[in-house]
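Open the structure in your viewer and show it as a cartoon. Keep the selection panel at hand.

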Amino acid sequence: MSKQLLGISCPGCGLQRAVALLLKGELVNSFMMYPALLPMMALFGFILADRWMRIPNGTRIISLLAGLTAAAILINFFVKLTL
């Protein structure tokens, strides 16, 4: 909807299609659709693992993965803006 109203894609545009491609086993196409999906999955997976079995330095690793995910989302968004 943001693309129709504002003329630009939102930072999350392509996420659902990337998940669908990943579930079909198309890893490369999924990454090309939304590169932030893989670090996002790593972040959520690590959060769950840290909650289940306390991992040493878990908070620091979660912060690092969150920063990586945010950076991937922003880089993807700005690349889409310039194309």
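This is a predicted model: local features need pLDDT of at least 70, side-chain atom pairs count only at pLDDT 80 or more; totals for chains, interfaces and linings use all residues.

The tour below moves from the overall fold to single residues.

**The whole chain**

The protein chain has five helices and zero strands. Read from the N terminus, the order is α-α-α-α-α. The C-alpha trace spans about 45 × 25 × 20 Å along its principal axes.

The accessible surface of the protein chain is about 6100 Å², and carbon and sulfur atoms hold 72% of that. Of the 83 residues, 25% count as buried. Take contacts between residues at least 6 apart in sequence: 34% of them join residues at least 24 apart.

**Stop 1: the nonpolar patch**

Select Leu5, Leu6, Ile8, Leu74, Phe78 and Leu81. These residues form a nonpolar patch on the surface. Together they have about 620 Å² of accessible area. Colour helix H1 (2-6) and helix H5 (58-82); each supplies at least two residues of the patch. Which helix gives the most to it? The answer is H5, with three residues. Click Phe78 to land in helix H5.

**Stop 2: the nonpolar core**

Select Ala18, Tyr34, Ala36, Leu37, Met40 and Ala72. These six residues make up the largest nonpolar core. In soluble globular proteins, nonpolar side chains tend to be buried together.

Centre on Ala72. Setting aside residues up to four places away in sequence, Ala72 touches Ala36 and Pro39. Ala36 is itself a member of the core.

**Stop 3: Ser30**

Go to helix H3 (residues 27-33) and pick Ser30. Is Ser30 buried or exposed? Ser30 counts as buried, because its relative accessibility is 1%, under the 20% cut-off.

Next, show what surrounds Ser30. Apart from neighbours within four places in sequence, Ser30 is in contact with Ala18, Leu21, Leu22 and Leu37.

**Stop 4: Asn76**

Return to helix H5 and select Asn76. Asn76 counts as buried, at 9% relative accessibility. Asn76 touches both, not counting residues up to four places away in sequence.

**Stop 5: Gly58**

Stay in helix H5 and jump to Gly58. Gly58 is buried, with a relative accessible area of 4%. Leaving aside neighbours within four places in sequence, Gly58 is in contact with Phe46 and Asp50. Draw a C-alpha to C-alpha distance from Gly58 to Ile47: the gap is 8.2 Å in space and 11 residues in sequence.

**Stop 6: the salt bridge**

How many salt bridges does a search of the whole structure find? It finds one. Select Asp50 and Arg54: they form a salt bridge, with the closest N and O atoms 3.6 Å apart.

Compare the two partners. Asp50 counts as buried, because its relative accessibility is 3%. Arg54 counts as exposed, because its relative accessibility is 62%, over the 50% cut-off.

Methods. Residues are numbered from 1 along each chain as its sequence is written. Side-chain values use heavy atoms; hydrogens and water are left out. Helices (H or I, at least four residues) and strands (E, at least two) are DSSP runs, numbered from the N terminus. Buried means under 20% relative accessible area, exposed over 50%, partly exposed in between (1.4 Å probe, protein chains only). Contact means heavy atoms within 4.5 Å. Accessible areas come from the Shrake-Rupley method with a 1.4 Å probe; for residues, only the protein chains shown count as cover. A salt bridge is a side-chain nitrogen of Lys or Arg within 4 Å of a carboxyl oxygen of Asp or Glu. Patches are made of residues with over 30% relative accessible area and no salt bridge: like charges are joined within 9 Å, nonpolar side chains (Val, Leu, Ile, Met, Phe, Trp, Tyr) within 5 Å. A nonpolar core is a set of buried Ala, Val, Leu, Ile, Met, Phe, Trp, Tyr and Cys residues joined through side-chain atoms within 4.5 Å.
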